[in-house]
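Please open the structure in your viewer and keep the selection tool at hand. The tour below goes from the whole chain to single side chains, one selection at a time.

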Amino acid sequence: MSVGYEHVRIQVLASRSIRLGYTPDVLTDAGTLSILIFTIVVAPSSNSFQLDIVADVAIMLALMAARNAAHGLSIVQSGGWPNVGWAPFGFCGPQLGPGPTNKSFTAGFLGFGRISQATLRRLIPFGVTHAIYTDSGRGRRTEGEDTAFVEQYAAFGQLKQLKRVNLDELAAESDVVFILAPGGDSTKHIISTPFLQKMKKTAILVNPGRGTLVDSDALADALDKGWLYAAGLDVVEGEPNITTEHPLVKSPRATVLPHIGSATTETRAAMADLAARNLIAGVLGEPLPVEYVMH
């Protein structure tokens, strides 16, 4: 099960008339964009659950990274808490949202599909004032759609603006950046040294989407040099072969989870159900409930 399909040889399937069924929308309200279940059936054709579940993990990672949760947990679990004296700014990090300063706060999104939008909806009560995004290539939003989004949620927070920007602006203006674009050759290591150098020193990078989008060595180096404050990662290039020697696991400013974006019992059950229905429909020669359309 996975939410992406870049590891599937689409053209080979197409050449052999093999259909590909998947579950792209189960994750939106299971908590992001994180899990597709593949059902491959031979035959001569999408429906939608909801993709919010990964958005829950995206917010959790942002909070964990900003509040130094991984570092704090390691101190407690290693028995070191009694040896850590209290200090006014001990364990402090940047607040997710304006906080008591009432400053502006900008959330940035690399890709602005359903999971990014679900993540932004969850951020609005934190007091986010501005949201910016780059297109993921799956469709271009209009200014009217962005204005309508802001107006729809005006009563629930302080969001004043939602707009499309280029990659450099995304890096320079965001207080938190969520990586939620598709994987593949076109986006591999799109987050690397040039992007990281432009980020605010207080910014948080969150990747609940695809590990290949982030150059791990470049991110570890950027964290070490203080180009950004911290990173929260549910996916890492090369997973699951990530050991304690990995530079991001060793970094005190990186929170790394083992790809749990879709890991709720309810979501996995819904995915399994859809996979089974895709398979049965394929065997019977019927339209698949959710099918990847090959071009």
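Predicted model: local features only at pLDDT ≥ 70, side-chain atom pairs only at ≥ 80, totals over all residues.

## The whole protein

Residues are numbered from 1 along each chain as its sequence is written, and side-chain values use heavy atoms, with hydrogens and water left out.

## The aromatic cluster

Next, select F109, F112, Y133, F149, Y153, F156 and F178, which form one aromatic cluster. Rings of Phe, Tyr and Trp (its six-membered ring) pair if their centres lie within 6.5 Å, and planes under 30 degrees apart count as stacked, over 60 as edge-to-face and the rest as tilted. By this rule there are six aromatic pairs. One of them joins F149 and Y153, a tilted pair with 5.0 Å from centre to centre and 45 degrees between the planes. F149 is buried at a relative accessible area of 6%, and Y153 is buried too, at 17%.

From Y153, move on to F156: the ring centres are 6.3 Å apart and the planes stand at 55 degrees, so this pair is tilted. F156 itself counts as exposed, because its relative accessibility is 57%.

## A charge over a ring

Finally, select R253 and Y229. R253 lies over the face of Y229, at 4.1 Å from the ring centre; the rule asks for NZ of Lys or CZ of Arg within 6 Å of the ring centre and within 35 degrees of the ring normal.

Note on methods: Buried < 20%, exposed > 50% of the residue type's maximum accessible area, 1.4 Å probe, protein only.
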